[in-house]
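Please go through the sequence and the model below together, and read the briefing that follows as a guide to selected local features, strand pairings and helix contacts.

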Amino acid sequence: MSKEEISKVRHRMQELAESIREHQYRYYVEDKPAISDSEFDSLVRALQKLEQENPELIDPKSPTFDVGGGFATHFAQVDHLEKMMSLDNVFDDQELEEWFDRVEGKAGTALSWLCEVKVDGLAINLLYEKGRLIRGLTRGNGVTGEDVTLNVKTIKSVPAQLTSTDSAVKVPELIEVRGEVYFPLLAFDELNETMAESGKAPFANPRNAAAGSLRQKDPRTTASRPLSMIVHGIGRIDGVDFKSQGDAYQAMASWGLPTSPHVKVVLTRSDVKKYIKYFLDHRHDLEHEIDGVVIKVNERKVQESIGFTSRAPRWAIAYKYPPEEVTTKLLDIRVSVGRTGRVTPFAYLEPVHVAGSTVTHATLHNQMEVARKGILIGDTVIIRKAGDVIPEVLGSVIERRTGNEKAFVMPTACPECGSELAAASEGDVDIRCPNTRTCPAQLRERIFYIGSRSALDIDVLGYESANALLASGAISDEGDLFDLTKKELAKIDFFCKKDGTLSATAEKFLLALEGAKERPLWRVLVALSIRHVGPTAATALADHFGSMESIRSATIEELAEVDGVGSIIAESIIEWFGVGWHRKIVEKWTRAGVRMNLVRERSGKQTLAGLTIVATGSLVNFTRDSVTEAITSHGGKASSSVSKKTDFVVAGDGAGSKLEKAQELGIRVLSEAEFATLLESGPGALK
C-alpha cells in the first residue's frame, strides 16, 4: 500500500476504535446504548477485519483485545482472581462449521458439546470462600470489575452460603462463579408500567433493567427489583476438579447455585444445530431474554489444551441470533385511533428487517412519551421487536441528526371522523376521539377485538372481515354481530367464492359465532371494550356478581368493593352502562343467545371452593388467562391483589411485589407443582 492508503486505513481503525469505546461506555456504564447490539457487533467485526489484514497497524490498546467496558464509576474497582473472559461470536452455520473445524483440529479427538442459551443480562462474578459469598463483581474489563456485593446479596436466587447435597462433590475452599443477572420478562413489564405511572422513564429492555437495578447506589432499591441469575461458568477454583463442563454444572446445582434447566450435552454437530434451531423458534417462551446459544467443548482437559485468546476461550463460541433491535429512519409520525377512542402516535419507518420480519410501523405509546424520548421526525431511531410483540421505538440516535429533523405535533381532530380530540378527563395523558359510536376506526377496532383471543376468540373475525362487514352495512355496530345470517354474508364479496356462492370461510365464521355465544361471562365483559376492564377485573366482576344484569345495576360503591376492581374501574363501568346504545348492545347479544350469566364449570373437582388465590410471576404450564380459569373452574376465586383475605399465592419465576406482600402477611406461597396438587386434591393434600 502507498503511504496515503496506509494513512487512510490507520485513520479508519482509529475511528472504529473510538466509536467502539464510546458505545461501550454508553452500554456498560450509562445503561443507555445509542445503537443496537447488531450494529455494535458490526463495528467490532469491521475493526477485527482491518486488524487481520493489517497486523502491522494494530494498536496494542485496541478494544478488540478487551473483554468489556472497563470504565471507572462510583463503585469500587476490584480485580477478579482469574480473568473474566468474553466470548467470540458466529452468526451463521458456515462460521459455526469453521469454528468446529478449528476446535476439532486442535483437539485431535472426538468431542462432546455442551449447549446452553445465552441469557441477555449483566455478567457477574461471585467469589465464595469456604462456601460463603464474599464478593460480587461486574465483568468490567475482564481484569477489574465493579464491586456490587451488597446489591448481589439482595438477589433471592443467589445463595449466601453453598451447601452440598451430594457427598461425592464437596463445596470447594474457594470458587469464582460466573453467571448472568437478568430481569424476568413478566416482572419487567410490571416494572415499566409502575415507572410510567409514577412519571419515571421506563427501561428500554430487560437487559438495561437488570444493569440499572444491580448498579443502584442503595441496595434497598435493588432489593425491590425481582432480579434473578443463571450461572454458566467457573473462574478460579481450589480443591475440586471436573472431567466435564456438564459435571461442573451438576456440581454447582448440588451446591445450591442457579443453573439453567436448558443446558444440554450432545455428541454431534447436527445435534448442536438442532438445539440452536429449537431455541430460535422458542426464544420467547423462556422466562428471560436470550440473544443466542453458547456452545462449549464439554471435556475440561480439552478446554485446557485448546486454551484462550487475549479475550475469549477458543473452546467456546456464541451463536448469535438475528437482532431484535435495529436502527432505521423515522419517516413520519402519524396517529391511529383505538377501540376506546384513544389516539396513539405511531412511527412510519423506512422498511427494516428485524426479528424475522420487515417492519414499517412501530408504536410510540402517547404524545407525552414522544416528547420525553425527544424523538423527532427524520431521526435515525432504534427499533425493538420481540416475537409477536408490536414493534416499539426505543429512542433516537442523536449523533446522526442532520438539522433537518422536525418535532411532532399532535393533531387536534380525529383523522378518521374529524371529531375534535380532547382528554377524557382531567389529568388523563391520553387524547381521545369522543365519537365512540360512529367513528370508523373505533368501530373497526372494537369488532376486531371481539374476535381476538383476549375476548371471544372468534375464528375469521379479523381486520379484513371487520372492514367488510362494516363497509357492506351488514352490521352498524357490534350489537348486530350475532344476528348475522348466511343470506347477509352472501351479499359480501369477502365471504363469497368467485362464482358468488357462499365460501367455506363464511360457514366457518357462522359456526365460530355460535360457539362464541357460550364463552364465559368474564370474556363477554372484556369483549364490550369497557375502558380499564381487562381479564383480571372482568373475572372478579363475573365471579362476584354472577350476571351481566347484576353488574349493570350495581352501585359504584358495590363495584369498587370487589377485590381487583377499585374506584377507577367502577366509574368506568357506571359510565359505560349509562350510555343508551351501549345497553342496546348487551340487549341484542342477550336476545341472540350470548351467555350473560356465570356458569361454573363443574366438570372439574371443586377443590378450591371458598379459597381466594393470587397468581404472580411466570408459570411454566399456565398463561395468565388459563391460571385464572383453572382457579375458577375448581370453585376458587382468582384475585389480582394480595390481602388478608388471600388464602394462597402461587409464585412463578419473576414474582415481585405480590410475593413480598404475601410474605409480609404470612400467607402461604405455593410453587407451580404445589398449585397442581392443590387443584387436584385440595388444601388438605399440601404438606
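A253 counts as partly exposed because its relative accessibility is 38%, where buried means under 20% relative accessible area, exposed over 50% and partly exposed in between (1.4 Å probe, protein chains only). This residue belongs to helix α8, residues 245-254, with helices (H or I, at least four residues) and strands (E, at least two) taken as DSSP runs numbered from the N terminus. The model is a predicted one, in which local features need pLDDT of at least 70 and side-chain atom pairs count only at pLDDT 80 or more, while totals for chains, interfaces and linings use all residues. Residues are numbered from 1 along each chain as its sequence is written, and side-chain values use heavy atoms, with hydrogens and water left out.

- The C-alpha atom of A253 is separated by 9.2 Å from that of V231, and the two residues are 22 apart along the chain.
- Helix α8 lies across β7 and β8 and runs at about 110° to β8; axes here are lines fitted to C-alpha atoms, for helices over the stretch in contact, and angles run from 0 to 180 degrees between N-to-C directions.

**The four-stranded sheet**

- An open sheet is formed by four strands in the order β5-β4-β7-β8, with antiparallel pairing, where two strands pair if DSSP finds at least two bridges between them.
- The edge strands, each pairing on one side only, are β5 (132-138) and β8 (228-238), and neighbouring strands of this sheet are turned against each other by 25° on average, direction ignored.
- Strands β4 (residues 122-129) and β7 (residues 174-182) run antiparallel and are joined by eight bridges; L126 has V177 in β7 as its bridge partner.
- Helix α6, residues 206-214, lies across β4 and β7 and runs at about 45° to β4.

**Strand β10 and its partners**

- Strand β10, which spans residues 290-297, is mostly covered, since eight of its eight residues are buried.
- Six bridges connect β10 with strand β3 (residues 113-119) in an antiparallel arrangement, and the bridge partner of W113 in β10 is V297.
- Strand β11 (residues 316-320) also runs antiparallel to β10, to which it is joined by five bridges; K296 stands opposite A316 of β11.

**Helix packing: α3 with α9**

- Helix α3 (residues 93-107) packs against helix α9 (residues 269-281) at an angle of about 140°, and their axes are 12 Å apart.
- The two helices α3 and α9 are therefore oblique to each other, given that angles under 35 degrees count as roughly parallel, over 145 as roughly antiparallel, 65 to 115 as roughly perpendicular and the rest as oblique.
- The crossing of α3 past α9 is right-handed; a crossing is left-handed if the near helix is turned anticlockwise from the far one by less than a right angle, and right-handed if clockwise.
- On the α3 side the contact (heavy atoms within 4.5 Å) is made by D93, L96, E97, F100, D101 and E104, and on the α9 side by R269, V272, K273 and I276.
- The residues of this contact between α3 and α9 divide into four nonpolar, no polar and six charged, where Ala, Val, Leu, Ile, Met, Phe, Trp, Tyr, Cys and Pro count as nonpolar, Asp, Glu, Lys and Arg as charged, and the others, Gly among them, as polar.

**Helix packing: α12 with α13**

- Helices α12 and α13 pack at an angle of about 125°, with 9 Å between their axes, and they are therefore oblique to each other.
- α12 passes α13 in a right-handed crossing, and the contact involves L443, R444, E445, I447 and F448 of α12 together with Y463, A466, N467 and L470 of α13.
- Of the residues in the contact of α12 with α13, six are nonpolar, one is polar and two are charged.
- The loop between α12 (440-451) and α13 (463-472) holds V460, whose phi is positive at about 85° although V460 is not a glycine.

**Around α17**

- H532 lies in the loop between α16 (521-527) and α17 (535-545), and this residue other than glycine has a positive phi near 75°.
- With a relative accessibility of 43%, H532 counts as partly exposed.
- Helix α17 is largely enclosed by the rest of the structure, because eight of its eleven residues are buried; A537, A538, T539, A540, L541, A542, D543 and F545 are the buried ones.
- Just after α17, G546 takes a positive phi of about 85°.
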